[in-house]
Amino acid sequence: LCMLWWLNVFKTLTLALVNVSRDCECSLKERSSTRPQAQVSVTRRKNLEFEPLSTTALILEDRPPNLPAKSVEEALRHKQEYDEMVAGAKRREMKEAQRKKRQMKERFKQEDSIANAMIIWNNDILPNWNCMRNTRRVRELWWQGLPPSIRGRVWSLAIGNELNITPELYEIFLSRAKERWRCFNETILDNDVQADRESSLDLIKLDISRTFPSLFIFQKGGPYHDLLHSVLGAYTCYRPDVGYVQGMSFIAAVLILNLEEADAFIAFANLLNKPCQMAFFRVDHELMLKYFAAFEVFFEENLPRLFSHFQINNLTPDLYLIDWIFTLYSKSLPLDVACRVWDVFCRDGEEFLFRTALGILRLYQDVLLQMDFIHIAQFLTRLPEGMAPDSLFSCIAATHMISNNRKWGQVFSALTKDGNKEIANHSPALRS
Amino acid sequence: MAYAYLFKYIIIGDTGVGKSCLLLQFTDKRFQPVHDLTIGVEFGARMITIDGKQIKLQIWDTAGQESFRSITRSYYRGAAGALLVYDITRRDTFNHLTTWLEDARQHSNSNMVIMLIGNKSDLESRREVKKEEGEAFAREHGLIFMETSAKTASNVEEAFINTAKEIYEKIQEGVFDINNEANGIKIGPQHAATNSTLSGSQGGQQAGGGCC
C-alpha cells in the first residue's frame, strides 16, 4: 500500500530525491544500529530541502523515540525498497525521454512533409491548377491535408466564383451594410427597427461574441472582430433573401482565418450558394429531410449495427447533423481537424460532409453502442475534445459512399424525385 | 440509476436569452459567461427527487433564431414540460412570447406544462421588463412564472423542479396517460418493479440506460 501511494507522488519528488539519496544512505548506515536523536533528524530534514511527505519519512527515517527502533532487516528492506523506487523512477524518466524524442522526430517528419507538400503545391499544382486538380497524385496529396500557407488559396480555387463577385462588389455591399448600421444606431429606440433586430444586425453582433469564444480573436476588441462583422454584414446586404442565419458566423470565421477579407467574402458567398448549404441556410425543412434520408441510406450500408441501435433508440440524424452541417464541423470538431475536413469537402463536395459524419460515428461506434438515447444525443452534440485527425480520417477512409451500386448523388436525386410520400412520416425513407 | 419516471423537457425562447446557460447551471451547477451558440438542439439530463420518487429529466435545449422555428417545432413532440424563456433586459424577447406560445400549444400535447421564465434577474439595472408584466402574462395564459438568473443560480433549481412537480401532480390526478409516450413521460424500471400492472417490456427497455 505504502509503495502504491508512494508511486503516485513519486513523479514530483523524484528529482529532489535522487539528489539527496546519497546523503540519506549515509545517515541510514550510521543510525541503523543506534536509536536516533531528534537533533539528527532535524538537520537531515533540512538537508532534504523539502518537507518529506509521510511515506518518504516512513522509508528514510527511523521511528519516533516512543516506538521501538527498526530492526536491521527492516531498515535494509526499506533501503532496498527505496533503491528500487529510485531505479524505477530513472527507468520511467528514460522512457519518457525516449518518447519525447520519438515525438520530436515525428514532428520533424511532419514538418518536413508539410514543407515538401508546400513546394509541390506552389511549384507544380497551383500554376497548373485546372489540368492537375483531378489527377490522382493531387487528390492523394490533398487528402493528407493542405499546408496551412496555401490552404486558403486552394479552398478559393476549389470553391470557385460562380457568382462572379469582385472585390469592388464586396466593397459596395460592405458600405451598404455600414450605412445600415449607422441608421440602426441612430434609431435604436424606434419600434420599426426593433422588428429587424433579431433578423440581422443585432443578432450578428450577439453571435460574433459567441463564435469561437475560446480563441479570443473574434470577440469585441479582438483582431478579427470587425472583419467578421463586415463579412457577415455585407452578406446580408448581398443576399437579403437569405439574411444572416446562425451558423454562418462560424463558416465566415474559418474563412477569415485563412483568406484576405475580400477573398473570404467571395468564398463565403459562393460556398453558401452550393445546393446543400442553400437548403440548410434557408432552412428548407423538406429538402433537409431528404439529405438526412440519403445519409441514412449510407449509414445503414456502412454501420448496420449502429444504425439499428439508433433506430431502436429513436435517435434521428437531424439531432446531430444539423449542427455539423450548418457549421461545416467547425464548431464540433477541433479547429485543425475541421480544417482538414474542409480541405476534402472543397475537393469532394457535399458528399464528404455526410461521409465525415459516418466517419465520426464509426470512430465512436463501440462507445455509442453501449449508450441510450440521451447519452448518444449528448455525446454527439458535444464530441470529445481530443480527437486525433488521423484516427478520424482513417475511419472516413473506411467509409464507402456506395449503396446498391449507387453513389451519393444518385441516392439523393432518387429521393428528391420520389416526392414526399416516403419521407412524410418522420422516419426517412431507407429502403429502395 | 433507476428512476420512477422520465420527463422530457424542451427549452424555448428567443436567441441569447440564456437557454443554454440555464441548462448548464441546472445540470452542472456552473455559469459560462460566453456560451457557445446553439445550432439545432443540445441535450442535458439530471435526476431529481419528487415525493420520494426519482425522476429523470431529459432536457432538449433548442436554437432560438426565428429561422430555426420549423426545426424546433418538430422537437415539441413528446415533451411533458416546456421552459419558455425571455430576457428581462430585452423587451423584444418578451414581445415574442405570444408567437412562442402559439407554436408550443400547436405542436405539443395539450397537457404539456409550460413554465415562463424571465432570465437575467441579476441585471436589475438593465431591466426592461417588469416582474409584474411577466406575472400578468403568465396568469393570462395559464403558465407558471419565475424570474431566474443563470449567472447567480437564483431560482434555477426551482424553475426546473417546480415544472416537474406540476407534471407529477398531473400524473397523480390521472390527467396524463403515462402509458402513452407521446405525453413525454416514460415509466422507469424503479416504478415498473413496484407496479405489477405495467408491462415488463417497458421497464426492461429503460433498464438499459445508465444514470445521467
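Which side chains of chain B meet in a salt bridge at 3.1 Å, N to O? They are those of Lys120(B) and Asp87(B). A salt bridge here is a side-chain nitrogen of Lys or Arg within 4 Å of a carboxyl oxygen of Asp or Glu. Lys120(B) sits in the loop between strand 5 (113-119) and helix 5 (131-141) of chain B, and Asp87(B) belongs to strand 4 (residues 81-87) of chain B, so the pair ties together parts 33 residues apart in sequence. Asp87(B) has a relative accessibility of 1% and counts as buried (under 20% relative accessible area, with exposed over 50% and partly exposed in between, for a 1.4 Å probe and protein chains only).

The model is predicted: local features need pLDDT of at least 70 and side-chain atom pairs count only at pLDDT 80 or more, while totals for chains, interfaces and linings use all residues. Residues are numbered from 1 along each chain as its sequence is written, chains are lettered from A and ligands numbered from 1 in the order in which they are written, and side-chain values use heavy atoms, leaving out hydrogens and water.

Another salt bridge of chain B pairs Glu133(B) with Arg91(B), with 2.8 Å between the closest N and O atoms. This pair links distant parts of the chain, Glu133(B) being in helix 5 of chain B and Arg91(B) in helix 3 (residues 91-95) of chain B, 42 residues apart. Helices (H or I, at least four residues) and strands (E, at least two) are DSSP runs numbered from the N terminus. Glu133(B) is partly exposed at 25% relative accessible area, and Arg91(B) is partly exposed at 26%. Elsewhere, salt bridges with shared partners join Asp323(A), Lys331(A), Arg382(A) and Glu42(B) into one network.

In chain A, Asp124(A) forms a salt bridge with Arg137(A), the closest N and O atoms lying 3.6 Å apart. Asp124(A) is in helix 4 (residues 72-125) of chain A and Arg137(A) in helix 6 (residues 136-143) of chain A, so the pair ties together parts 13 residues apart in sequence. Over all chains, the count comes to 27 salt bridges.

The remaining topic is helix packing. Helix 15 (residues 285-302) of chain A packs against helix 19 (residues 351-363) of chain A at an angle of about 45°, with the axes 10 Å apart. Axes are lines fitted to C-alpha atoms, for helices over the stretch in contact, and angles run from 0 to 180 degrees between N-to-C directions.
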